[in-house]
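Hi,

Here is the structure I promised to pass on. Have a look at it first, and then read on for what turned up.

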Amino acid sequence: MSLILLIEQVLNGLQFGIMLFLMAAGLTLIFGVMGLINLAHGSLYMIGAFCAAAVAAATGSFLLGLIGALAGAAIAGALVELVVIRRLYTKDHLDQVLATFALILIFSEGTRWIFGSFPLFLNVPEFLSGPVTLPGGIEYPLYRLTLIAVGLAVAIGLWLLISRTRLGVQIRAGENDREMIAALGIDIARLYTIVFALGAALAGLAGALVGAIQSVQVGMGEPVLILAFVVIVIGGIGSIKGALVGAILVGLTDTLGGIFLPEFLKLFLDPSTATSIGSSLASMAIYILMAAVLILRPAGLFGARA
Amino acid sequence: MIRERYLNALTLALFVAIPFWAITADEPFTITLMTRAVVFAIAAVGLNIALGLGGLVSLGHAVFFGLGGYAMGILAYHAQNYTALTEWPFLIEGTKSMPVIWLAAIVVSSLAALVIGILSLRTAGVYFIMITLAFGQMFFFFAISWAEYGGEDGLSIYVRNGFPGLNTLDPIQFYGLCLGLLCLVLLFAWRLSGSPFGLALNAARQVPVRVETAGLDPVRLKLVAFVLSGAITGLAGALFADLNRFVSPTMFSWQTSGEIMIFIILGGVGRLFGPVVGALVFVALEHWLGGLSDFWHIYLGLLLLVIVLFGRGGLIGMLCGREAVHD
């Protein structure tokens, strides 16, 4: 167990966490502003990945693929908001869960219908492939480093958007009192559509970026969706800061747990038992983390309301 | 508008009539489909106690369904291999007897529901939905990595377990057994909703503050409801495993939780026969739409959307009017 391995795994965990943040930020924003649980957020992630793969295959350009993913997911998000989601704001959580579950079924099968059941592949672009040498002689894939940088840039951009712009003021006001800002002459329906499309675009971006290191396939969104839920519950629903902290915690726990729990247990148990117990514990680690956080702080780390 | 009790009677009559028709028409597969509907109905009647009566939106009931399934799988697996489950602190052997398996399924899933309930009921609303979902995932991943009992591939049981006096390998006899259990579970749910406990639980869902003022503990009421609900869904899991003679981590997946919830919404939340009607319609749709198109989930999704957006109260609500008759 060397220091280099440790640093590599921390970077992997960070990269995973940052991608979860892109998903969780949209989810938590949508819940914070509109009070909506959106199970179909994972489908928007999948749509982003498929748009990127399709555009990149047609044009040969990864960057155009990314733009396609952002646009495709945002358009899909805005359409879904206009047709279905806006009828759900006044309904209870049970209806929201079911209606968005229904959307997952429609999106997943629809994508399977259009693209078939076989995974698509999205290649890492030439200029980002290959390893880069970090200080200390650690070789690390440049693409994964780029993902961390892009994610952090998005986090800063979101923070600026919410704390410094007019739209951000409206979003924050919408979280607190939607009737009041409607009375002040702000088109609340339009604001909701914009927030939903923004969340969808972030999910689509995450899907496209991750799609280049994993395969692009139907059903890729749901595991990430559930992890994003874990993230926002840990961070506190509605809090972007909570989403960032939660995402990094979950990313690190999942990655480091998978590597170090079996090693740690080998100190006490024979190797084969340690590996099997360690790997099952590691796969449950983030859920144990979430349960622990909720028991200590039922509203999450940065949550304002339960 | 049809009176709800007539609709309920009609539903039960269908559950008796269709298999009889299947025997005369020599369509054994229909009996298997109906058994599937009955088992799903039992699971959903269980969830309906937490969801309809207690207002607890649990997106993790697959935990209990799966635990029931694995209780059956593990006991039967050891029985078919003639190995002991454990020899310490005392000898536990596998079994192929359904009543024992059911008891084990109920005990294991109630215990799990107790622990999950105590932890989850510290939260409410959307946090409750998410924490139950997370517990579901926890069990799902545990089952996948539990190599001793098949891991990702699951466990196959070669011969269906036995019930004293019946030949469970005969589809119609196994169906009758499951239908009998469904009737028992329905009777229990009906008696429960009219009992002092059921009334208090109903009140705790609607106005917890008043219930507290009256000297009752709403959280405790909900916890009891959650445990009862988990136990019944666990029993359904054991039956489902016996129907397929196979258990796999899929039983723990969150899609399973979602499906059990869909049965209730299709039929009607909080209605006694809501889960039963929902499960029957779902299995029929699955079979019929699944035959028409490989992409039948699209149609299921559209139907579900229409029901959630326009048809409050599910199918029973559409047929019998909005007012739930608690008679």
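Helix α3 of chain B is mostly covered, with 18 of its 20 residues buried (buried is under 20% relative accessible area, exposed over 50% and partly exposed in between, with a 1.4 Å probe and protein chains only). Helices here are DSSP runs of H or I with at least four residues, numbered from the N terminus. This one covers residues 62-81 and reaches 28 Å from its first C-alpha to its last, close to the 28 Å expected (1.5 Å times one less than the number of residues). Just after α3(B), B:Y82 takes a positive phi of about 55°.

A word on the basis: this is a predicted model, where local features need pLDDT of at least 70 and side-chain atom pairs count only at pLDDT 80 or more, while totals for chains, interfaces and linings use all residues. Residues are numbered from 1 along each chain as its sequence is written, chains are lettered from A and ligands numbered from 1 in the order in which they are written, and side-chain values use heavy atoms, with hydrogens and water left out.

Now to where the chains meet. The contact (heavy atoms within 4.5 Å) takes 44 residues from chain A and 39 residues from chain B. About 3900 Å² is buried between chain A and chain B, and carbon and sulfur atoms give 83% of that (this is the accessible area, 1.4 Å probe, that two parts lose on being put together, summed over both). On the chain A side, α4 (93-115), α9 (221-235) and α11 (271-296) each supply at least two residues that touch chain B. The largest share, 16 residues, comes from α4(A).

B:E4 lies in helix α1 of chain B and B:R271 in the loop between α10 and α11, so the pair ties together parts 267 residues apart in sequence. Both B:E4 and B:R271 are buried.

Another links B:E286 and B:R36 at 3.0 Å between the closest N and O atoms. Since B:E286 is in α11 of chain B and B:R36 in α2, this pair ties together parts 250 residues apart in sequence.

Enjoy exploring!

Conventions. A salt bridge is a side-chain nitrogen of Lys or Arg within 4 Å of a carboxyl oxygen of Asp or Glu.
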